[in-house]
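Open the model in a viewer and keep the selection tool at hand. The tour below goes from one selection to the next.

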Amino acid sequence: MRKLLVALTIGASFLLAQPVLSDVLRTDHPEQYVVVKGDTLWDISARFLEKPWLWPQIWKKNPQVQNPDLIYPGDIIRLTYIDGKPYLTVNEAPNTNQAPVGAIDVDLYSRPFLKDLRVVSSYKNLPYILGNEESHLLGSSGNEVFVRGLKGVAAGEKVEIFRASMHFARSYKGSAQRTATSILDKRGDRLFLDGESFWKGTHTSPDSKDYIGTELIRVAVGHVVSFSGEMARVKVDEASREINVGDRVAPSAGTDYDPYYFPSAGPDIGTDNRIMAVRDGYIAGSRSIVALPVGSKQGVRNGNTYSIWSPGDEVPDRIGNRAEMAAQLDQVKMPNEYVGTLMVFRTFENVSYAVVMMGARPVHVGDYLKHPDAR
């Protein structure tokens, strides 16, 4: 019998650092809940807690359980009180053969970000495709391609073929952080320089001081056939799109993603980190994917949550000033506004992908990140 005991500590030190009990438990929390297939740890936490990211703080592992972090469909979660203190007990479902519950629904919206995307901190030194068999301009499954600069891989080993999709950059102007992205050509050079990034002083080229990483989209998988000098012959085993000259090649990374993590408050990343990209546009809603300019180097991990804040507008004071020119010179900064909450699900060295879990209003590029309890 596997049991997980979750203890909610409400001692004096806890009360000083955390909300009171009425703010931790939902007022409409159930007395018990049966976990079903399709549940996520975020959803289960949100059934009992006002703030799902407080889950690790109330989790007390049972050392008698082989995998105390895992919850399975069919498990029964009960709320009980001992000496006036609430506890959550999770009792094992008998003879369950199902997969444990993950933090988020990976298959619903983030599978491509786990399987097909990679962010590298160094791009220019990656091996690249210089040609295809029979001088074809494009390669596909079953073809062979010729790669220059491929090292550390032996004949017969698997490689992945990527296309650079975006450079990420970050810079500072005074104390204000600027973030920028750029769309790339086959060499990995930016196709255009937008005026806003130019005037803000953000440069995304890999040799600039602002550069923090390049997003790569996997287009094919293959294996090394042979080497001839600095050229490698690679047989394409599977391709999701046509392969171009200039696509980058790297050893197969395999699966390095663990979906079994809990929501948690993220580490302090400063007061001026912003959302630097939104998938499929500039505005995101609930369950949308966004890119953040922080990663493992800054201590960010899967499951970390942050609140999202829209920077307040600067409004000319036309009440205190009759003349329009005077009003424009006397602009007042409005307060930042709460937008929602996001949770990181994929981290790289200086870049992370996150899901918007709770949204009060649309999320935009440039919105600020703060501690999830910030208000």
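**Salt bridges and a surface patch**

Twelve salt bridges are counted in this structure, which is a predicted model. Side chains of opposite charge can pair when their charged atoms come close.

Select E160 and R218 to begin. Their side chains form a salt bridge, with the closest N and O atoms 2.7 Å apart. E160 sits in strand β9 (residues 158–173) and R218 in strand β11, so the bridge ties together parts that are 58 residues apart in sequence. Buried means under 20% relative accessible area. E160 has 6% relative accessibility and therefore counts as buried; R218, at 16%, also counts as buried.

Next, select D207 and K124. The side chains of D207 and K124 meet in a salt bridge with an N to O distance of 3.7 Å. This pair links distant parts of the chain, 83 residues apart: D207 is in the loop between α7 (195–200) and β11 (211–228), and K124 is in the loop between β5 (117–120) and β6 (128–132). Both D207 and K124 are exposed.

Move to R26 and D28. Here the salt bridge has an N to O distance of 2.9 Å. R26 counts as partly exposed because its relative accessibility is 27%.

Finally, select V315, V332 and M334. On the surface, V315, V332 and M334 form a nonpolar patch, with about 200 Å² of accessible area together. V315 belongs to strand β20 (residues 314–316). With 35% relative accessibility, V315 counts as partly exposed.

Terms used
Residues numbered from 1 in each chain as written. Predicted model: local features only at pLDDT ≥ 70, side-chain atom pairs only at ≥ 80, totals over all residues. Heavy atoms only, no water. Patch = residues over 30% accessible without salt bridge, like charges linked within 9 Å, V, L, I, M, F, W, Y side chains within 5 Å. Areas by Shrake-Rupley, 256 points an atom, 1.4 Å probe, with all protein chains shown as cover. Salt bridge = Lys/Arg side-chain N within 4 Å of Asp/Glu carboxyl O. Helix = DSSP H or I, 4+ residues; strand = E, 2+ residues; numbered from the N terminus. Buried < 20%, exposed > 50% of the residue type's maximum accessible area, 1.4 Å probe, protein only.
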